[in-house]
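Student: Could you go through this structure with me? I keep meeting labels and would like to see where they come from.

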Amino acid sequence: MDPHAADATPGADRPRRPVSFVRRGSRLQGRRKDAWAELSGDYLIDVPRTGPDTSVDPGYVFDAEAAFGRKAELVVEIGSGLGEAIAHAAAENPDRNFLALEVYKPGLANTMLKIRALGLTNVRVAQVNAPEALATMLPEGSVQEVWVFFPDPWHKTKHRKRRLVQPDLVPLVRRVLPTGGLWRLATDWSDYAQQMRDVLDGASAFENVHAGERTGSASPLTRVWREGLENVAGVEARAGSKAVKTETARDETDERGGWAPRFEGRTLTSFESKAHSAGREIFDLTYRAL
C-alpha cells in the first residue's frame with residue numbers, strides 16, 4: 001500500500017464528512033428520462049449501495065478493464081455536470097478511458113446522450129458520492145488523472161465545511177493515483193482557489209507542478225484583489241452571474257502564485273463561458289502525486 005494512502009479508507013468509527021452537494025431538480029423528464037432507460041445498460045456503472053443512491057458498498061471494487069473491455073489509462077472527473085468536459089476529452093483522447101462521477105441523474109443522463117451522439121466507447125458514468133468512490137470503489141493507483149473542475153464553492157462561511165476540496169480529500173485522491181499521477185483543479189472563485197492551493201500546498205503527498213509561476217501582476221488573484229471583483233459582504237454571489245465589486249479594492253499582490261496555465265484538455269463549457277462573460281477570473285491548479 002502506498003504510504004500516503006494509509007489513512008485513505010474511512011474507519012467505521014470515523015465521523016462522516018458533510019456531503020458537498022444538495023440535490024435539486026433530480027427528476028428525469030423528456031429525453032433525459034428516455035436516455036436513462038435506453039443507455040444506462042451501456043454506459044452506467046451499476047454500483048452496489050449501502051444507503052442512498054449515491055452511496056457505495058465498501059466491498060465493491062470497480063473493474064475498469066471489464067467495464068471498458070480493454071486496458072488503458074483511466075481519467076476520473078469528479079462532478080462531471082452535463083458531461084461537456086469529459087465527452088470532449090474522451091473524443092480527443094480515444095486511447096484513454098474516462099469515468100464521470102456525478103450525483104445528479106439529469107447530468108448523468110445528459111452525459112450519456114453526449115456519449116451516444118459522439119459515438120464514444122471510452123466513457124462510463126457512475127452516480128456516486130466521490131469521496132466514497134475514492135475511498136474504496138477505485139483500486140489503489142488505478143487512475144492516471146483526477147479532475148475537479150468548478151465544484152460548488154459554497155460561498156457562505158457556515159457552509160464552507162461542505163466544500164469538496166478539504167484536507168480529508170487529499171489522501172483519498174492520492175490513494176487512487178500512482179506516483180506521478182496528476183490532480184487537476186479549476187474554479188472561478190478566488191476564495192475557493194486559495195483554499196485549494198492551501199490544502200494541496202500543505203500536503204506532503206503532492207507537489208505543485210507550477211510552483212512559483214504566475215506571481216505578481218501575472219497572477220489572476222492579484223487582478224481580483226486590485227479590481228475588487230466578486231462579492232460584496234452580505235450579498236450572496238452566484239457562479240456565472242454578473243461580477244460585482246467588493247466594497248473596496250485591495251492594493252495587494254499575490255507573490256506566491258502557483259497557478260497553472262489553462263488546461264488545454266478542458267473544453268470551454270457553458271458554465272465556464274458564463275464565468276468569462278461575467279468578467280470572472282478562472283484559476284487552474286495542477287498537482288503531481290509524490
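Tutor: Here we take a few labels and set each against its definition.

Tutor: This is a predicted model, in which local features need pLDDT of at least 70, side-chain atom pairs count only at pLDDT 80 or more, and totals for chains, interfaces and linings use all residues. Residues are numbered from 1 along each chain as its sequence is written, and side-chain values use heavy atoms, with hydrogens and water left out.

Student: Why is Leu113 called buried?

Tutor: Buried means under 20% relative accessible area, exposed over 50%, and partly exposed in between (1.4 Å probe, protein chains only). Leu113 has 13% relative accessibility, so it counts as buried.

Student: Where does Leu113 lie, and what is Leu113 in contact with?

Tutor: Leu113 lies in helix 4; helices (H or I, at least four residues) and strands (E, at least two) are DSSP runs, numbered from the N terminus. Contact means heavy atoms within 4.5 Å. Leaving aside neighbours within four places in sequence, Leu113 is in contact with Arg31, Ala35 and Leu39. Ala35 is 78 residues away in sequence, yet its C-alpha is 6.4 Å from that of Leu113.

Student: How do you know that the span of helix 4 agrees with its 14 residues?

Tutor: The expected span is 1.5 Å times one less than the number of residues. For helix 4 (residues 105-118) that should be 20 Å, and the end C-alpha atoms are 20 Å apart, so the two agree.

Student: What covers the buried residues of helix 4?

Tutor: The cover includes helix 1 (30-43), helix 3 (84-92), strand 2 (97-102) and strand 3 (123-127).

Student: Why is a crossover called right-handed?

Tutor: With the strands pointing away from the viewer, the path from the first strand over the helix to the second runs clockwise. Strand 2, helix 4 and strand 3 make a right-handed β-α-β unit, and strand 1, helix 3 and strand 2 make one too.
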